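Q: Please take a close look at one part of this model, the nonpolar core, and walk me through what surrounds it.

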Amino acid sequence: MVLTTGLSTTENSFLLNTLLHLYASCGDISSAQKLFDEIPHSSKDSADWTSLMSSFSRQNRPHDSLLLFAQMLEKGAEIDDVAMVCLFSACAWLRDVGVGSQGHGRVVNMGFERRVKVCNALMDMYGKSGMVEEMRRVFSEMKEKNVVSWTVVLDGVLKWEGVSNGREVFDDMPHCNEVAWTIMIVGYVGNGFSKEGFLLLSQIVFHLGIKLNYITLCSLLSACAQSGDVAMGRWVHVYGLKMMGMEMDIMVETALLDMYAKCGRIDSAIKVFECMPRRNVVSWNALLSGLAMHGRGQLVINMFPRMIKEVMPDDLTFIAVLSACSHSGMIDQGSYYFDSLQSVYGITPKIDHYACMVDLLGRAGRLEEAETLINKMPIPPNEVVLGSLLGSCNSHGKLQLAERLLQKLILMNPRNTEYHILLSNMYALAGKPDKANALRKVLKTKGISKVPGISSIHVDGQLHQFSAGDKSHPKTREIYIMLEDMIQRLQSAGYVPHLSAQVFPGDDAGVELEKEQALFSHSEKLAVCFGLLSTEPGKPLYIFKNIRICRDCHAAIKIVSKIYDREIIVRDRNRFHCFKQGSCSCSDF
């Protein structure tokens, strides 16, 4: 109507301004941007600029938001407090402290330090970027603070300084809303402090009588998924059923199935999915991703035709499908779906799809094909793509290719120790201990420390964590007695320690013994011993590892599952391994 009547060309562009704000608020960015470009610069006010910036932020397009802010400066448009809030929101999303700090200086120069919303956005930017001292400094200089100010600080402190300091901020808050309670509870649960989380949860629900909304429930379930705390997750499940009935909010149901899948209870996740009265693409993606992590590749392929009858798959769907094929060694199926992305479903392959295909080919030993695919990619390979190929080199002993890949990966991320350690282990396996030690010395010289492996297990509502050679647990004596007995039974059943990848100076008998002892006290084995001691016979053990499970522990736990008649589920950084009666769900793939 506006275009056909010629109103868009009139000098009075009030109608265009109004339509711009309408499109921006409704999320129709393409229409909003088209109208914005048609409005003469002389008729644009700060509300027009910030309306489009806010729309970019809501659509997770922070780069566009920053570009628009730069145009505001270039055109000499008035910068108001809303524009500064949009700027800091974009910087927070991108973790761009450089631009954010420049914005901080502009805030001071423009006298916006007394604007609470601006300061809250500024603190959020510093908090999300890990600049906790700067965040605290802004907070301390604020003349006026509201509950949002306190909540932003609480969130930042919990993330970077831990639950102890976070609790101090929480206790100092003059007024706590549901958001603050949720952040504190999620902080406890996500870091394994289940009992403390339950205490706060009971206080908010039973003493204060606050009804938890779907956002709070989803946040709690996300924290449970992160820490592996299925007990808290089940409590949320029961609470959701009690408060919402069988027709639970679809976001809560999706978070539930995701929680069960990531806590190792994939069958419970499937049950939640099948009971959902309606499902969207996010629900389907959560289920397919969960099945992929558990090595249920064939089930993912079987369910995909059912999915496309209900919803339209998106790019995340195919990441789940390709990942499932990769973890299950289904090369033909994976290749078919990758080739169908553009031709059948109209989806342009993204970097993550290429990463899945490189992983699929690499795991199958087809490294030349994987390298060819990387060279033909229309976009430069990232750290994930090259790192995946390096992992395959380790599995298949391709030392020369691994050396070339390491040089590229160092340029991308010089502080990532995993690649150095992987190549160091390859040198050790190839009988080149000098090169293996030299590579590790490079890390030491640069002051770069290896990320320590931590294995966690929940017993009786409490999280227990172990590192390699750990002797800090209250039951250390009992754990190591159990470990000695377990190693003897393993060796009687045919277990041979995987010593070749262990890097120690020297090659005499004493060093061999030292290597054995180091392997025996890996964090996974300590967690298994504690689980065997602390749970009833026959009960499954659920262990969560922050990095990839090592070959020796994988081989050992397979035998443990048989001689102790236990199902042992281990979630490492990449996937789940379900050990049962001497075999693993990954089929050693």
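A: A nonpolar core here is a set of buried Ala, Val, Leu, Ile, Met, Phe, Trp, Tyr and Cys residues joined through side-chain atoms within 4.5 Å. The model is predicted. Its largest nonpolar core has 138 residues. Met-84, Leu-154 and Met-259 have the most contacts inside that core. Domain 1 (45-175) and domain 2 (365-450) both give residues to this core, so the core lies between them.

Now Met-84. Neighbours within four places in sequence are left aside here. Met-84 then contacts Phe-69, Ile-79, Gly-103, Arg-106, Val-107, Phe-112 and Val-118.

Of the 13 residues of α8, 10 are buried, so the helix is largely enclosed by the rest of the structure. Buried means under 20% relative accessible area. Val-118 is one of the buried residues, and so are Val-116, Cys-119, Asn-120, Ala-121 and Leu-122. Met-123, Met-125, Tyr-126 and Gly-127 complete the list.

What covers them? The cover includes α6 (81-94), α7 (97-110), α9 (132-141) and α10 (147-161). After α8 comes Gly-130, with a positive phi near 85 degrees.

How values were computed: Residues are numbered from 1 along each chain as its sequence is written. This is a predicted model: local features need pLDDT of at least 70, side-chain atom pairs count only at pLDDT 80 or more; totals for chains, interfaces and linings use all residues. Side-chain values use heavy atoms; hydrogens and water are left out. Buried means under 20% relative accessible area, exposed over 50%, partly exposed in between (1.4 Å probe, protein chains only). Domain bounds come from an automatic or database domain assignment. Contact means heavy atoms within 4.5 Å. Helices (H or I, at least four residues) and strands (E, at least two) are DSSP runs, numbered from the N terminus.
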